[in-house]
Amino acid sequence: MTTYLITGSNRGIGLELVRQLKDRGDDVIATCRSASPELNSLSVRVETNVDITSGDSVVKLRDNLKDNSVDVLIQNAGIAEFNSLSNLDPQSIVHQFEVNALSPLCCVHTLLSKLSKSAKIALISSRMGSIEDNNSGGSYGYRMSKVALCMAGKSLSVDLMPRGISVGILHPGLVSTRMTGFTSNGIQPKESVKGLIQRIDELTLENTGNFWHSNGEILPW
């Protein structure tokens, strides 16, 4: 049985990851700041009061794992705040950097001792973190933070290769969740997560460090 630890698990993509992985028989540790009724109904191990921007809470999570090891760490927690050039908010941009890029990196660092041999790390990024693909501008904080997360993932893939740990940088697609205002243009979490899980299953040391769309397309940097 494979053990997954997923951050940001109480709703949206994180919740659907928990649901699908549990349904196929994997062992899931779901972490979040506060649980939702939907998460509690899935009968998996839930670790609450986990805020990835709080080093102390991540250390507490690590300690709570005790002798449990993690085979797949999915860094899913993130935020999106809109910043246009005409309405630039430096504080918002810094906050998005902290949540979307720096905190996932620090979380990986803290939990490294709990990762099993040949473990996998999946960073949920965004196509909006692609510089080449940016043809609409705007969204400064979100775009910049996701570019930074992609770079962190690439460096992690190099640094962790000697330990047998592979790293995937994944775009879930445009998904209809609360983060996207339940856009009618997006796919449903069920479809997105099916693709994300397939990409994680296919992740190896041979393809570590790639930036993937959930549909299997390799995305440009």
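**Exercise 1. Which residues of α6 are buried?**

Before starting, note that this is a predicted model in which local features need pLDDT of at least 70 and side-chain atom pairs count only at pLDDT 80 or more, while totals for chains, interfaces and linings use all residues. Residues are numbered from 1 along each chain as its sequence is written, and side-chain values use heavy atoms, leaving out hydrogens and water.

*Solution.*
- Step 1: apply the cut-off, where buried means under 20% relative accessible area, exposed over 50% and partly exposed in between (1.4 Å probe, protein chains only).
- Step 2: read off Pro189, Ser192, Val193, Gly195, Leu196, Ile197, Arg199 and Ile200.
- Step 3: look at their surroundings; these buried residues pack against β1 (3-6), α1 (12-23), β4 (70-75), β5 (115-124), β6 (166-171) and β7 (211-213), with contact meaning heavy atoms within 4.5 Å.

Helices (H or I, at least four residues) and strands (E, at least two) are DSSP runs, numbered from the N terminus.

**Exercise 2. Work out the strand order of the open sheet.**

*Solution.*
- Step 1: two strands pair if DSSP finds at least two bridges between them.
- Step 2: the seven strands follow the order β3-β2-β1-β4-β5-β6-β7, with parallel pairing.
- Step 3: β3 (45-47) and β7 are the edge strands, each pairing on one side only.
- Step 4: inside the sheet, three bridges join β1 to β4, and Ile6 has Ile74 in β4 as its bridge partner.

**Exercise 3. Compare the burial of Phe211 and Trp221.**

*Solution.*
- Step 1: Phe211 has a relative accessible area of 1%, so Phe211 is buried.
- Step 2: Trp221 reaches 43% relative accessibility and therefore counts as partly exposed.
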